Amino acid sequence: KKLRIVQSARELINKKGYDAITTSSIAQRAGVSIGTLYAYFSDKKDILMEVVAAFNDDIYNHFQSGISENTADNLSLEETIDAVLHALWHAHIHEKRLHNEIVILSMRDPEVDAAFSANEKRLYETIRELLIRFNDRIEVNNPAAAMFVLKFAVDGVLNRLLDCENKMDVEAVLREMSSMILKYLIKTPKR
């Protein structure tokens with residue numbers, strides 16, 4: 001029953017937004033009484049935190065499967081960056097409305113922000129580990145600062161692309177972003 005409640009809340013948030021739903025609407029969707037809902041959760045926020053945890057795990061697993069399918073040890077830096085960008089894009093479009101709701105909620109609720117940020121850290125740590133094998137080609141002054149810059153540049157572009165994906169050629173944007181990242185990261189040969 002608990003999983004049904006969480007799944008129902010997730011579907012409703014994805015469809016209507018967090019502020020538009022109630023514990024009663026969640027219980028009704030889950031096919032349980034309000035008393036049963038409160039036996040598992042103290043309030044709507046408690047349910048939200050379970051939804052965020054499940055969403056974070058799904059996003060991370062979705063990203064990991066995209067990476068593992070497309071990144072072999074023999075891939076070049078260029079191919080690895082392309083695979084990472086595609087995996088991140090597919091993670092962003094997975095339950096797009098829910099993703100946007102969680103981003104908005106993370107800006108106004110420190111607990112949601114902490115859970116969402118922990119997942120982002122997990123994603124970008126995975127990316128950093130993928131890029132380590134190219135340290136001989138990557139030249140940045142401060143790797144931690146470079147990951148921060150890249151994270152927010154990529155997130156900004158991908159989030160904006162979500163808003164206008166029907167008006168933009170997604171593949172062209174991903175290619176340009178890949179080119180930008182490579183120019184930022186790669187050591188240029190000394191002449």
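In this predicted model, the 25 positive and 28 negative charges of the protein have mean positions that lie 3 Å apart.

The protein contains nine helices and zero strands. Read from the N terminus, its elements run α-α-α-α-α-α-α-α-α. Along the principal axes, the C-alpha atoms fill a box of roughly 75 × 30 × 30 Å. The chain has 191 residues, and 43% of them count as buried. The accessible surface of the protein is about 10,600 Å², and carbon and sulfur atoms account for 53% of that surface. Among contacts in the protein with a separation of 6 or more, 74% are between residues 24 or more positions apart.

**The N-terminal helices**

Helix α1 covers residues 2–16 and includes Ala9. Ala9 has a relative accessibility of 1% and counts as buried, because the cut-off for that class is under 20%. Neighbours within four places in sequence aside, the contacts of Ala9 are Ile21, Ile26, Ile47 and Val51. Ala9 and Thr22 are 13 residues apart along the chain, and their C-alpha atoms are separated by 9.1 Å.

Ile26, one of the contacts of Ala9, is itself a buried residue of helix α2, which spans residues 23–30.

Gly31 follows α2 and has a positive phi, near 75°. Gly31 is placed in the loop between α2 and α3, the latter covering residues 34–40. With a relative accessible area of 58%, Gly31 is exposed, since that class begins over 50%. From Gly31 to Val112 the sequence separation is 81 residues, and the C-alpha to C-alpha distance is 26 Å.

Thr36 belongs to helix α3. Its relative accessible area is 19%, so Thr36 falls under the 20% limit and is classed as buried. Once residues up to four places away in sequence are set aside, Thr36 touches Lys1 and Ile5.

Which class does Ala83 fall into, buried or exposed? Ala83, in helix α5, has a relative accessibility of 6% and counts as buried. His90 is also placed in α5, but at 38% relative accessibility it counts as partly exposed. Ala83 and Gly66 are 17 residues apart along the chain, with their C-alpha atoms separated by 7.5 Å. For His90 and Gly66 the sequence separation is 24 residues, and the C-alpha to C-alpha distance is 8.2 Å.

Helix α6 runs over residues 96–108 and has 13 residues. At 1.5 Å a residue it should span 18 Å, and its end C-alpha atoms are 19 Å apart, which agrees. The buried residues of α6 are Leu98, His99, Glu101, Ile102, Val103, Leu105 and Ser106.

Helix α9 covers residues 170–185, a run of 16 residues. From its first C-alpha to its last, α9 reaches 22 Å, close to the 22 Å expected at 1.5 Å a residue. Its buried residues are Val170, Val173, Leu174, Met177, Ser178, Ile181, Leu182 and Leu185. What covers these buried residues of α9? The cover includes α5 (77–93) and α8 (143–163). Helix α5, part of that cover, is also the helix that holds Ala83 and His90.

**Residue accessibility**

The table sets out the relative accessibility of the residues discussed above.

| Residue | Relative accessibility | Class |
|---|---|---|
| Ala9 | 1% | buried |
| Gly31 | 58% | exposed |
| Thr36 | 19% | buried |
| Ala83 | 6% | buried |
| His90 | 38% | partly exposed |

Note on methods
Residues numbered from 1 in each chain as written. Predicted model: local features only at pLDDT ≥ 70, side-chain atom pairs only at ≥ 80, totals over all residues. Heavy atoms only, no water. Buried < 20%, exposed > 50% of the residue type's maximum accessible area, 1.4 Å probe, protein only. Helix = DSSP H or I, 4+ residues; strand = E, 2+ residues; numbered from the N terminus. Contact = heavy atoms within 4.5 Å. Areas by Shrake-Rupley, 256 points an atom, 1.4 Å probe, with all protein chains shown as cover. Lys, Arg positive; Asp, Glu negative; His and termini not counted. Charge placed at Lys NZ, Arg CZ, Asp CG, Glu CD. Expected span 1.5 Å × (residues − 1).
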